[in-house]
Structures are given as structure tokens and as C-alpha cells.
Amino acid sequence: MAERRFRPVEILRVLDRHQVRYVLIGGMAATIYGSNLVTTDIDITPANDLDNLGRLSTALDELGARIRTDAEADGLRFDHDATSLAANATWNLVTDVGDLDLALAPSGTQGYADLRRDAVTIEIDGVPVSVAALADVIRSKEAAGRPKDQLALPILRRLLDQS
């Protein structure tokens with residue numbers, strides 16, 4: 001497969017075209033709030049009702065989504081539908097336009113409804129995007145406790161203090 005260029009807006013366009021309800025979380029959300037840390041994927045928390053997950057499954061087909069693994073650079077093909085997507089809390093995927101991570105219940109949160117409550121909607125290249133509140137991004141990164149999250153937290157807390 002040819003080398004993929006990370007095109008996050010294209011992922012967002014496909015999600016929007018399929019009317020997938022989600023909240024943008026993780027590094028991309030942090031970037032929107034002013035973080036200068038580089039991210040190479042999009043993390044979302046989709047609404048976990050079966051209708052929405054069905055639309056997400058169709059969007060994943062359009063994106064050519066595959067399971068991301070170190071063993072296979074192009075990812076592993078997988079069959080999915082609303083029920084199978086609901087069966088796992090986390091999906092790490094590679095698509096034809098970049099990496100996409102799905103977290104149905106990110107660390108420190110209760111999922112979509114919890115994150116949607118304080119999310120803001122912004123437009124990115126004409127695409128409306130629900131972005132988790134910075135405080136929620138921080139809360140999730142604190143709970144995850146991964147080394148990369150620990151490195152990001154001082155920057156994110158400073159941005160929150162300045163807002």
C-alpha cells in the first residue's frame with residue numbers, strides 16, 4: 001500500500017457525511033485548545049447507541065478502516081457492524097487517510113454523554129465538530145496516566161488556566 005498522508009479533516013468529513021455523533025478527544029482536541037504537541041491520529045468517543053454505531057461502521061467502510069497493529073503496517077482487515085463495535089471499549093484503527101482511535105468510554109469519563117455535556121462545537125473546514133472541553137481532556141489524560149499523557153498535562157493545565 002502507498003504511504004498514507006494524515007488527513008484528519010477527511011476523517012471528520014466522512015464522519016459528518018454519515019451523521020455519526022461523536023466527541024473529538026485526545027491530542028487533536030488539545031491542539032484545538034492551543035497545545036503545540038504534535039498528534040498523528042484522531043481520537044473520538046462515539047455515541048454508543050446501535051443506530052449511531054451502525055452509521056460509524058458505514059463510515060469506517062468508506063475510510064477503509066483496518067485494525068492497527070505493529071505486526072502489519074497496513075493494518076488487519078476486520079468485519080464490523082454496530083454490535084461488534086459496541087463489544088469493545090477501544091478500537092485502534094488505520095484508515096486510508098490516517099489513524100483513528102475510537103474510545104467508547106475514555107479513561108476518567110463515562111463516555112459520550114459525559115463528554116458531550118461540556119463539549120463545544122466548532123467548524124473545521126466547514127465541518128461541524130463536537131470537541132471535548134479542555135477540562136475533560138485533562139481529566140481523561142490524568143486518569144489514563146500514560147507517559148505521553150503525563151508529558152502533555154502541564155501544557156494543558158496551563159492552557160486551561162489561561163482560558
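Predicted model: local features only at pLDDT ≥ 70, side-chain atom pairs only at ≥ 80, totals over all residues.
**Stop 1: His-18**

Start by selecting His-18, in the loop between helix 1 (8-17) and strand 1 (22-25). Is His-18 buried or exposed? His-18 has a relative accessible area of 19%, and buried means under 20%, so this residue counts as buried.

Now show the side chain of Glu-62 as well. The side chains of His-18 and Glu-62 make a polar contact at 2.6 Å. Leaving aside residues up to four places away in sequence, His-18 touches Arg-55, Thr-58, Ala-59 and Glu-62.

**Stop 2: helix 1 and helix 3**

Next, select helix 1 together with helix 3 (residues 50-63). Two packed helices are described by the angle between their axes and the distance between the axes. Here the angle is about 140°, and the axes are 9 Å apart. That makes helix 1 oblique to helix 3. Their crossing is right-handed.

To see where they meet, show Ile-11, Val-14, Leu-15 and Arg-17 in helix 1, then Leu-56, Ala-59, Glu-62 and Leu-63 in helix 3. Colour the contact by class and you will find 6 nonpolar, no polar and 2 charged residues.

**Stop 3: helix 6**

Finally, move to helix 6 (residues 134-144). Which residues are buried in helix 6? Select Leu-134, Asp-136, Val-137, Ile-138, Ser-140 and Lys-141 to see them.

Methods: Residues numbered from 1 in each chain as written. Heavy atoms only, no water. Helix = DSSP H or I, 4+ residues; strand = E, 2+ residues; numbered from the N terminus. Buried < 20%, exposed > 50% of the residue type's maximum accessible area, 1.4 Å probe, protein only. Polar contact = N/O pair within 3.5 Å; in protein donor to acceptor, adjacent residues only side chain to side chain. Contact = heavy atoms within 4.5 Å. Axes fitted to C-alpha atoms, helices over the stretch in contact; angles between N-to-C directions. Parallel < 35°, antiparallel > 145°, perpendicular 65-115°, else oblique. Left-handed = near helix turned anticlockwise from the far one by under 90°. Nonpolar A, V, L, I, M, F, W, Y, C, P; charged D, E, K, R; others polar.
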